[in-house]
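Please read the points with the model open beside you.

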Amino acid sequence: MQVKETVADGLKHEFQISVPASDLDAKAGLRSCGTQGQGPSHGFRPGKVPVSHLKKVYGRSVMAETVEQTIRDTNSQLFTELGFRLATEPKVTMPTRRKRLRTS
């Protein structure tokens, strides 16, 4: 994780935080392994659902929850380290998604 302060103007501070995709994938993988025994899945015995099937079915929602949790954890860690007291809730913006080139 890299933290870079982009604006420090009076009480206004802006930070650019970048988290490697491999870290998010690892956290999401741990979450999907943890949900393996929970909830019924048709065609599988309880607790015997393959992780690949869970990733296919719940992958996007698990990744969204992982990103939200990472943002909350990073914000709280950053503000406690710097000793900031928040007047308002921090505004979080995600970078725009780059287009992937398709090869046929």
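1. Start with contacts along the chain. Among contacts with a separation of 6 or more, 37% join residues 24 or more positions apart. The model is predicted, so keep that in mind throughout.

2. The fold pattern comes next. The chain holds two helices and two strands. In sequence order the pattern reads β-β-α-α. Strand β2 covers 12-18, helix α1 covers 21-34 and helix α2 covers 51-82.

3. Now the surface. The chain has 104 residues, and 14% of them are buried.

4. Look at Thr66 in helix α2. Is Thr66 buried or exposed? Its relative accessible area is 3%, and buried means under 20%, so Thr66 is buried. Leaving out neighbours within four places in sequence, Thr66 is in contact with Leu24, Lys27, Ala28 and Arg31.

5. Thr74 also belongs to helix α2. Its relative accessible area is 8%, which puts Thr74 under the 20% cut-off, so Thr74 is buried. Which residues does Thr74 touch, not counting those up to four places away in sequence? They are Met1 and Ile17.

6. Ile17 leads on to the largest pocket. Ile17 is one of the residues that lie nearest the centre of this pocket, and Val92, Thr93, Met94 and Pro95 are the others named there. In total, 41 residues line the pocket. The space in the largest pocket comes to about 2000 Å³.

7. Which element gives the most to the lining of the largest pocket? Helix α2 does, with ten residues. Strand β2, helix α1 and helix α2 each supply at least two residues of the lining.

8. Of its residues, 20 are nonpolar, eleven are polar and ten are charged.

9. Return to Pro95, in the segment after α2. Pro95 is exposed because its relative accessible area of 72% is over the 50% cut-off. How far apart are Pro95 and Ser18 in space, C-alpha to C-alpha? The distance is 10.0 Å, although the two are 77 residues apart in sequence.

10. Leu86 is likewise placed in the segment after α2. Its relative accessibility is 48%, between the 20% and 50% cut-offs, so Leu86 counts as partly exposed. Leu86 and Leu11 are 75 residues apart in sequence. Their C-alpha atoms are 9.9 Å apart in space.

11. Last, charge pairing. Side chains of opposite charge can pair when their charged atoms come close. How many salt bridges are counted here? The count is one. Lys12 forms a salt bridge with Glu14, and their closest N and O atoms are 3.5 Å apart. The cut-off is 4 Å, so this pair qualifies.

12. Check how open the two partners are. Lys12 has a relative accessible area of 48% and is partly exposed. Glu14, at 35% relative accessibility, counts as partly exposed too.

Methods: Residues numbered from 1 in each chain as written. Predicted model: local features only at pLDDT ≥ 70, side-chain atom pairs only at ≥ 80, totals over all residues. Heavy atoms only, no water. 1 Å grid on protein atoms, 1.4 Å probe; cavity = no way out; pocket = protein on both sides within 12 Å on 5 of 7 lines; lining within 4 Å. Points joined across faces, edges and corners; volume = space filled by probe spheres on them. Helix = DSSP H or I, 4+ residues; strand = E, 2+ residues; numbered from the N terminus. Nonpolar A, V, L, I, M, F, W, Y, C, P; charged D, E, K, R; others polar. Salt bridge = Lys/Arg side-chain N within 4 Å of Asp/Glu carboxyl O. Buried < 20%, exposed > 50% of the residue type's maximum accessible area, 1.4 Å probe, protein only. Contact = heavy atoms within 4.5 Å.
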